[in-house]
Each structure stands twice: as structure tokens, then as C-alpha cells.
Amino acid sequence: MTFETPTVLSELRTALRERCQLDAADPRATDAIVTDALNAAWHRLDVSNPHGWPWDIYEYDGTLAAGTDSALFLLEGADSFVSFRSVILGDPNGQWSAPLERLARHEQQSRYPSDSEVGIPQTWSVNGYGLTYAAVLKFAPVPTVNYPFTVRGSRLHSDLVLATDPGPAVLVAEPGDFRLPEYADALIEYAAYVMYRARNELADAMAARATFDDEVLRLRTNVRLTAGAGVGTYQPINPEPLP
Amino acid sequence: MTLATIRTQLRTRFGFSPNDPLFTDDIVNRQINLAQRKIARAHDWWWATSEVTVENDTGADVTVWPAQFSTPNDLLQVRAVSHVFCSLDGDYWLPIERMSRADALAAGGGRTVSSGLPVAWAAVALTGDAAAGHRQQVGLEFAPPLPDGAWIRFQMAVDTVDLDDDADTPLLWPPQFVDLIVELAGTALMRQRKEAKVARRGQSFLALAARAAQEWLRLARIRFAKPYEGAGFSKERGS
């Protein structure tokens, strides 16, 4: 291996084959099968931190058009969100901005019972879309002019990044250009678990799985974008206990 | 991610041959669809909810859906309904309380006709409708009855749709969930193959796969617990 930290799909595949001592000519370890295992690891790592990973933080700038009360965001792909932290409304002249208040949708409906009530949006709510995995942000009151707004939250990866071969740099293609050697290690360990398990080499599978758990724990503990105390109010992303 | 792709991933990961007569495409497809159902039941996934606004044009006190809905909503099964608002003009909405059917009738004074807004609603299961594709319908009963032309707005939780064609894609699941579908369906098929008997060093392939599926589900439940982060101002009553 001539590279230290795999950053593109082909390098990850090479690293995984080295990890599992697999031959590229092995019909049980074709590029498609190895890529599938890496994508399984990719997905698994996505959900392995209940608080979300720092590199998942995402910001989107949009415009709430006059007469419009909602904005739709998919859970995958470009400009997607899996959870929303704040919505900042700007004024059309760029002179001020203010955070909107988040309410549950039924509370928003009770506070603004008339659909035709117009004014500067004061609140937002988020609900499912029902038909597909998407989120609908509802604003009330309904604006009469166009307002710029900024949504901050977190997003997840999608297969699209890894499906291209020789793909875009896996980590470089993600928001924030966040590179971590442990990230690639964790990916490879979980992919190794999938590969070993498919071959019924269960002891090796369990060893790879244990290493993956160690890597995730290390990432959860050590990877953060800030250090030390701040002056802001601490707001955990998901206050549920760690599994 | 299509049904055909999921099937291929499952066979690759669990070692099923596409030529195995015990695990034909139909059998694997069935387990994939069952896995989808299990995931849908495992948690109130927030993106599987939706807000619906519909005009009552039946003149009855029972509003049935999805029969009244236009496509594509009627592809989905409604699992539950919450937070009902009613309006006489489709603009000004008032929240309506949910009660048991008996309490709702009493609250409405037993009236069977009304030109005003109802005071209560109750949900009833309607199994007698044989409309195509509707395995079971849910009805909303209002007391007093909802007048003709009045409007209803409510939030509902929907169920997933079976994958039938090889080109079908899971409608309700983000790509991360494909692995969960594969693990759950693969575990079911392994059980069918009686893999539990095959144990090495105290660990069987089946036990390992089952544990992986459960861990996946647990992590997904936590990570996708809700669509917002941080403190808000709502009363968090949930739906």
C-alpha cells in the first residue's frame, strides 16, 4: 500500500483486501462485493454516534418566497438534512437576522389558526413528508415578501459518494473536508466484519467487529470541532443516553 | 437502491445462491418486504408522518381514508392519526379533541346533524371496504357530525409499501436503512436454513447476523429519534 490514509474508493478497496488478505481475482471479493461491504460500513458508521458526527453538521441558505409556508428537504443527496437545529430568518435588505422559534406543528397551527394570516415568519416546525423520506419545514405566519433563511442541522452521507469509481475523494467530497485516519480504519474494520461473516469466518468477523467498536468509541470520544468551555448554552443534539 | 440490488446484496452477504430452489427470488422478496414491515413497526419514524388537509364531501359523520385521497397518497396505509383540526371555510382552523366514541357522542349532545364545528373526534377501524389495495381503512368519526364542505386537517403516520417489481425502491427508508433491511431479511432466511445448528467457537452465523440486525435497529432508533436538535419551545407531547 503506497498511501497512508485511504481517501478514495479504490484505495479503500485495496486497504480492505490487504486487511482481509483477499485477492482481487477472488470471485468472492470482486470490486462490486468489496464496494458493497464498504458501503455497509459507511452506513453503519453514519448512525454509530447518537449525537451525530461533527462532520455531519450542515448549513443551507435558501429563500422563503412570498406566499410560501413550507420548504421540503430530502434525507439524502445534496442539501439534505436528517435533523434540524436552527432556522435563522434574514431580512430582504440584509440588515438583520433572527432565529425563529421551533414549535410542534400542532402547536404552530393552534397559535396561527388562520392560513391566510400573513406577516414576518416567527415560527417553524418540522414534520415528515409521508410519501418518502423527506422533511417539511412549515413557517408561520406566511411571508408577503421573499425572505432569505439559513437552516443549520446535520446530514448523512449517501451511496453516491462511494459508488463512483475511481470515486471522488471519499472524505474530501464531504462537507468540511474532514480527514481522519481513524475514520478510514473504522470503515475498513466494519467492512472486514461483513466480508469475514459472508465467508463464515466467524472468529475473524468478531475480532474485526470488536476493533470497529473500539474505533467508534475513540472517534466519539476524541473527535470534536471545539475544545474547552464556551459561553453558549450547551444543547446536546440527541439527549438520549449512549448505547 | 432497487429491490433487485437489495436481493443481490442479501445473497452476497449471506451466501445464498441465486439458483438455490429453496431461496428463489419470490422467497427472498417476501422476507425483504417483511423486514420493511418490521422496521416500520419498530419505531415511529418521524419522516413517516404527514399532514393532510381534506374537504369533507361525504355528508356523513365518518370520514374514510385513504379512499378519499387522490394518488399517490392512497398507495400508503395509514397507521395512526393525531392532532385533528377542523375548519368551516378551509382557512380558520380549530383543534378538535379526541375522545372515545361514547364520550364523543355525549360531548356532542347526541346530535346527528349540525352546521357547526364538531367538539370531538374518534378513530374507528373500517374493515368492510373492499376497495382495491386497501387492506384496512381508518375512519374518523366526529360528534356532532362534520357538515358538508367542512375541512379536516390532521397528522397521520403512514406505513411502508411492499416492493413488487425489481425496479421498485423502498419509499420510506433512507439509504442507510438498506443494510438494516438486508440484515433482518438475511437473518430470517438463515433461520429458515436452520443455520442455528451451525456453531463455531460458541458463535453461530445466525446469532452473529441477528445481533448485527438488532444493533443496527437500536442505533437507527437513537440516531433518527427526532427531526430536530437542541432545545425548542414546543411542549413535546409527541404524536
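Some housekeeping. This is a predicted model, in which local features need pLDDT of at least 70, side-chain atom pairs count only at pLDDT 80 or more, and totals for chains, interfaces and linings use all residues. Residues are numbered from 1 along each chain as its sequence is written, chains are lettered from A and ligands numbered from 1 in the order in which they are written, and side-chain values use heavy atoms, with hydrogens and water left out.

The two chains, then. Helices (H or I, at least four residues) and strands (E, at least two) are DSSP runs numbered from the N terminus. Chain A has six helices and eight strands, and along the sequence they run α-α-β-β-β-β-β-α-β-β-β-α-α-α. Of its 243 residues, 53% count as buried. Chain B has five helices and ten strands, and 50% of its 239 residues are buried.

Accessible areas come from the Shrake-Rupley method with a 1.4 Å probe, and for residues only the protein chains shown count as cover. Chain A has an accessible surface of about 10500 Å², 52% of it on carbon and sulfur atoms. For chain B the figure is about 10700 Å², with carbon and sulfur atoms supplying 52%.

Contact means heavy atoms within 4.5 Å. In chain A, 68% of the contacts with a separation of 6 or more are between residues 24 or more positions apart. In chain B, 73% of the contacts between residues at least 6 apart in sequence join residues at least 24 apart.

Now the interface. The size of an interface is often given as the accessible area lost when the parts come together. Buried area here is the accessible area (1.4 Å probe) that two parts lose on being put together, summed over both. For chain B and chain A that is about 5900 Å², 54% of it on carbon and sulfur atoms. The contact takes 63 residues from chain B and 68 residues from chain A.

A polar contact is a pair of N or O atoms within 3.5 Å; within protein, one must be able to donate a hydrogen and the other to accept it, and residues adjacent in sequence count only if both atoms are side-chain atoms. Between chain B and chain A, 20 residue pairs are in polar contact, both residues at pLDDT 80 or more. Which element gives the most to the side of chain B that touches chain A? That is α5(B), with eleven residues. The residues on that side divide into 31 nonpolar, 15 polar and 17 charged.

Next, salt bridges: a side-chain nitrogen of Lys or Arg within 4 Å of a carboxyl oxygen of Asp or Glu.

One partner is R209(A), with the closest N and O atoms 2.5 Å apart. R209(A) lies in helix α6 (residues 202-222) of chain A and E215(B) in helix α5 of chain B, so the pair joins two chains. R209(A) is buried, at 5% relative accessible area. E215(B) also meets R44(A) in a salt bridge at 3.5 Å, N to O. A further partner is R211(B), at 3.1 Å. E215(B) and R211(B) both lie in helix α5 of chain B, four residues apart, about one turn of the helix. R211(B) is partly exposed, with a relative accessible area of 38%.

There is also a network of salt bridges linking D36(A), R197(A), R13(B), D179(B) and E183(B).

Within chain B, D166(B) and R7(B) form a salt bridge at 2.8 Å, N to O. D166(B) is in the loop between β8 and α4 and R7(B) in helix α1, so the pair ties together parts that are 159 residues apart in sequence. D166(B) is partly exposed at 35%, whereas R7(B) is buried at 6%.

Last, K138(A), in strand β7 (residues 134-140) of chain A. Is K138(A) buried or exposed? Buried, with a relative accessible area of 18%. Leaving aside neighbours within four places in sequence, K138(A) is in contact with residues including D69(A), W124(A) and E51(B).

How values were computed. Ala, Val, Leu, Ile, Met, Phe, Trp, Tyr, Cys and Pro count as nonpolar, Asp, Glu, Lys and Arg as charged, and the others, Gly among them, as polar. Buried means under 20% relative accessible area, exposed over 50%, partly exposed in between (1.4 Å probe, protein chains only).
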